[in-house]
Amino acid sequence: MNKLRVTIFNENHHDRFNEKAKATYPNGMHSAIKEALDADGRFETTVALQDMPSHGLTDEVLENTDVLFWWGHVLHGEVDDAIVAKVCDRVLQGMGLVVLHSGHFSKVFKKLMGTTCNLKWRESGDLERIWTVKPSHPIAAGLPEYFELPHEETYGEHFDIPDPDEVVFASWFSGGELFRSGCCFERGNGKIFYFRPGHETFPTFYDENVRKVLVNAAIWAGAQGGVRQFYGHWLSDNYNK
Ligand code: ZN
């Protein structure tokens, strides 16, 4: 079976310039995410960093990507609008997209959602209890009823997104907040999964359950429903081809 081609986009800023993030992810968060996917064996992974030419997301890279992972935070505004448009077009064509944590405010996610994608947040290192609220979903495969991250950034509702097609995970924080942490959407022919955890100063991407979610999300988002669709002037001759 052909491996799914996954590209991991990382802003790669905190990972280089924030002491705590550097200590937590000495090779960058993209490396921890890549390790999780590579350990599974079903993916061919590539890394795209924001300061690469075209942010590492050239036409050729996008054309050869089945699933794009996205982590960004403080440099969302510096992502080139032309690249954003190309990424969104590829999602509409059928490329899967997995948006992580503060990627909720990325241009790509906001454009695909059409809402502000705003939320409440607090960096107090609360405990996060992540409940599996749709256990029948493929992204929940092998996950327990709930799992905990001892310290994470808190996100709270209301999360200003369109109603997701499916909510797979929901978080409770020790400060009392609730949050829809694992949300599925379809846009055009593409599948989108938003996953909340993943603050840069906590070792979240080393957590075994989080890694299982990343793998399941890549498989789910990368599953193609059919061939790339034809749109536009359609001749009856096409039926004979
Ligand atoms: Zn954060």
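Which residues does D126 touch, not counting residues up to four places away in sequence? In this predicted model, D126 is found in strand 5, residues 120-132, and touches L149, P150, H151, E152, T154, F173, S174 and G175. The side chain of D126 also reaches the backbone nitrogen of G175, at 2.8 Å. With a relative accessible area of 11%, under the 20% cut-off, D126 is classed as buried.

H101 lies in the loop between strand 4 and helix 6 (107-113), and H199 in the loop between strand 9 and helix 7, so the two histidines tie together parts that are 98 residues apart in sequence. Both H101 and H199 are buried.

The largest nonpolar core contains 35 residues, of which L37, F69, F193 and F205 touch the most other members. Two or more residues each are given to this core by strand 1 (4-10), helix 3 (29-40), strand 3 (67-71), strand 4 (96-100), strand 6 (146-156), strand 7 (166-173), strand 9 (190-195) and helix 7 (208-222). Helix 7 provides the largest share, eight residues.

Within the largest core, F205 is one of the residues touching the most other members. Not counting residues up to four places away in sequence, the contacts of F205 are Y25, M29, A32, I33, W71, L100, P197, G198, V210, R211 and L214.

Technical notes
Residues numbered from 1 in each chain as written. Predicted model: local features only at pLDDT ≥ 70, side-chain atom pairs only at ≥ 80, totals over all residues. Heavy atoms only, no water. Core = buried A, V, L, I, M, F, W, Y, C linked by side-chain atoms within 4.5 Å. Buried < 20%, exposed > 50% of the residue type's maximum accessible area, 1.4 Å probe, protein only. Helix = DSSP H or I, 4+ residues; strand = E, 2+ residues; numbered from the N terminus. Contact = heavy atoms within 4.5 Å. Polar contact = N/O pair within 3.5 Å; in protein donor to acceptor, adjacent residues only side chain to side chain.
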